[in-house]
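This report examines selected features of a predicted model. Please consult the sequence and the structure below while reading.

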Amino acid sequence: MLLEVWLEAGMTCHIAERYIRFAQLEAAGQSPIYERLALHVARSQNCLSFLSTLPADRQQPNLLFAAVRHVAGNISCPEAFDRVIRDRVEEVAAVMRRRTTQTNEPGRCAVLLPLLARITGPIALIEVGASAGLCLLPDVYGYDWGDHKLPPPPEFADRAPIFQCNTSPGTPRPMAHPDIIWRVGLDLNPLDVSRDADVAWLEQLVWPEHQLRLDRLQSAVAVAQCCPPRLVAGDLTQDLPALIAEAPPNATVVVFHTAVLTYVADQQRRDAFARNMLESDAIWISNEGPRVFPQFAACAGQHREDMFLLVQNGEPLAWTGPHGQQIAWLSATGASRAR
């Protein structure tokens with residue numbers, strides 16, 4: 001009995017640390033509601049005990065908060081949150097066991113495009129962890145990098161979102177969209193933009209104060225409904241080589257992912273994936289939190305826990321905002337000193 005209590009205490013402590021980290025590094029300055037709720041969860045033994053009954057890959061803050069919104073609508077105060085956990089806990093648990101955190105933030109295309117646009121085409125584009133595939137359409141969106149704009153192609157001008165992104169000096173400014181002739185997404189559980197339930201889940205994953213992100217998501221969904229990219233159910237650590245082999249022989253294969261490998265909990269599996277990508281003939285673009293691949297973050301100069309690290313073929317190129325709202329390009333001299 002004492003051992004069980006000790007194990008549960010250790011587990012809930014780990015979960016509490018995760019929610020404090022989320023509040024301080026992700027929600028702070030971005031979502032006062034989620035910052036407040038995350039800190040509350042970290043202090044609530046009832047919430048922590050509930051989370052400890054779920055598998056480790058179902059305990060993350062974004063999933064919990066989206067599930068509560070799915071069950072009870074927008075909740076902003078800890079007291080109302082506690083009532084949902086107390087009175088409707090089975091409903092919340094069912095959503096968290098059935099769904100996963102598949103935030104399909106198309107605004108991240110604004111930090112990917114400076115890399116994609118300088119790759120010699122035509123391009124065969126593969127996204128791992130594609131969710132509904134909205135980031136597989138970077139060539140149909142519009143972009144505003146402050147001092148430079150790239151409008152959507154004329155055929156999408158009336159419906160495509162325009163993503164705003166603050167850039168630092170030295171960031172490449174694309175003059176044209178990349179030439180993508182083939183594209184496919186790989187995901188354990190692909191979402192379908194033609195299904196209302198899947199679209200509703202995507203919307204619930206957008207943080208409550210982020211109305212602009214929600215508007216852009218809805219516009220991107222409307223575009224994807226007109227030209228849905230191909231999505232394949234599969235494991236990125238096992239099924240990617242077969243997709244690479246399908247790519248047209250005259251195309252440059254580009255494999256990318258953003259905020260996906262963080263959900264591969266085992267560091268050895270992440271590192272094996274990185275080795276396989278570096279040994280492949282594909283161009284590999286990673287846009288992940290710095291803890292996902294510490295070997296690359298160590299070469300990126302000053303550490304940024306609140307941002308993602310944009311890496312191409314193992315070379316860190318920029319720090320990026322988690323929702324594509326910012327890109328801070330690394331200078332060549334700074335990168336060389338970091339090495």
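## Leu64 and the nonpolar cores

In this predicted model, Leu64 is in contact with Tyr19, Val41, Phe50, Leu51, Phe81, Ile85, Val92 and Met96, with residues up to four places away in sequence left out of the count. Leu64 also belongs to the largest nonpolar core, which has 82 residues. Within that core, the residues with the most contacts are Leu64, Phe65, Phe81 and Ile285. A second core of 32 residues is separate, and Ile126, Leu186, Val253 and Ala274 are among its members.

In soluble globular proteins, nonpolar side chains tend to be buried together.

## Ile85 in helix α5

One of the residues touched by Leu64 is Ile85, which is located in helix α5 (residues 78-87). The relative accessibility of Ile85 is 4%. Buried residues are those under 20%, so Ile85 counts as buried at 4% relative accessibility.

Apart from residues up to four places away in sequence, Ile85 touches Asn46, Cys47, Phe50, Leu64 and Val68. For Phe50, the separation from Ile85 is 35 residues in sequence and 8.2 Å in space, C-alpha to C-alpha.

## Packing of helices α2 and α5

Helix α5 also meets helix α2 (residues 32-43): their axes come within 10 Å and cross at roughly 55 degrees. The two helices, α2 and α5, are therefore oblique to each other. Their crossing is right-handed.

The residues that meet are Arg36, Leu37, His40 and Val41 from α2, and Pro78, Phe81 and Asp82 from α5. Of these, Val41 and Phe81 are also among the residues touched by Leu64.

Strand β9 (residues 283-288) runs antiparallel to β10, and 4 bridges join them. Ile285 has Gln312 of β10 as its bridge partner; Ile285 is also one of the residues with the most contacts inside the largest nonpolar core. Strand β11 (residues 315-320) is likewise antiparallel to β10, to which 5 bridges join it. The bridge partner of Leu309 in β11 is Trp319, while that of Leu310 is Ala318. The hairpin of β10 and β11 has 2 residues between the strands, and Asn313 there takes a positive phi near 50 degrees.

## From β11 to β12

Strand β11 is mostly covered, with 5 of its 6 residues buried. The strand pairs with β12 (residues 326-329) in the antiparallel sense over 3 bridges. Ala318, the bridge partner of Leu310, stands opposite Trp329 in β12.

A hairpin is formed by β11 and β12, with 5 residues between them. In its turn, Gly324 has a positive phi of about 80 degrees.

## The open sheet of β2, β3 and β4

An open sheet of 3 strands has the order β3-β2-β4, and its pairing is mixed. Strands β3 (149-150) and β4 (162-164) stand at the edges with a single partner strand each, so one side of each has no neighbour in the sheet.

The strands β2 and β4 run parallel and are joined by 3 bridges. Within this pair, Tyr143 stands opposite Phe163 in β4.

Ser131 is found in the loop between β1 (123-128) and β2 (142-144).

Which residues is Ser131 in contact with, leaving aside its neighbours within four places in sequence? The contacts of Ser131 are Gln102, Asn104, Asp187, Pro190, Leu191, Leu202 and Leu231.

How values were computed. Residues are numbered from 1 along each chain as its sequence is written. This is a predicted model: local features need pLDDT of at least 70, side-chain atom pairs count only at pLDDT 80 or more; totals for chains, interfaces and linings use all residues. Side-chain values use heavy atoms; hydrogens and water are left out. Two strands pair if DSSP finds at least two bridges between them. Contact means heavy atoms within 4.5 Å. Buried means under 20% relative accessible area, exposed over 50%, partly exposed in between (1.4 Å probe, protein chains only). A nonpolar core is a set of buried Ala, Val, Leu, Ile, Met, Phe, Trp, Tyr and Cys residues joined through side-chain atoms within 4.5 Å. Axes are lines fitted to C-alpha atoms, for helices over the stretch in contact, and angles run from 0 to 180 degrees between N-to-C directions. Angles under 35 degrees count as roughly parallel, over 145 as roughly antiparallel, 65 to 115 as roughly perpendicular and the rest as oblique. A crossing is left-handed if the near helix is turned anticlockwise from the far one by less than a right angle, and right-handed if clockwise.
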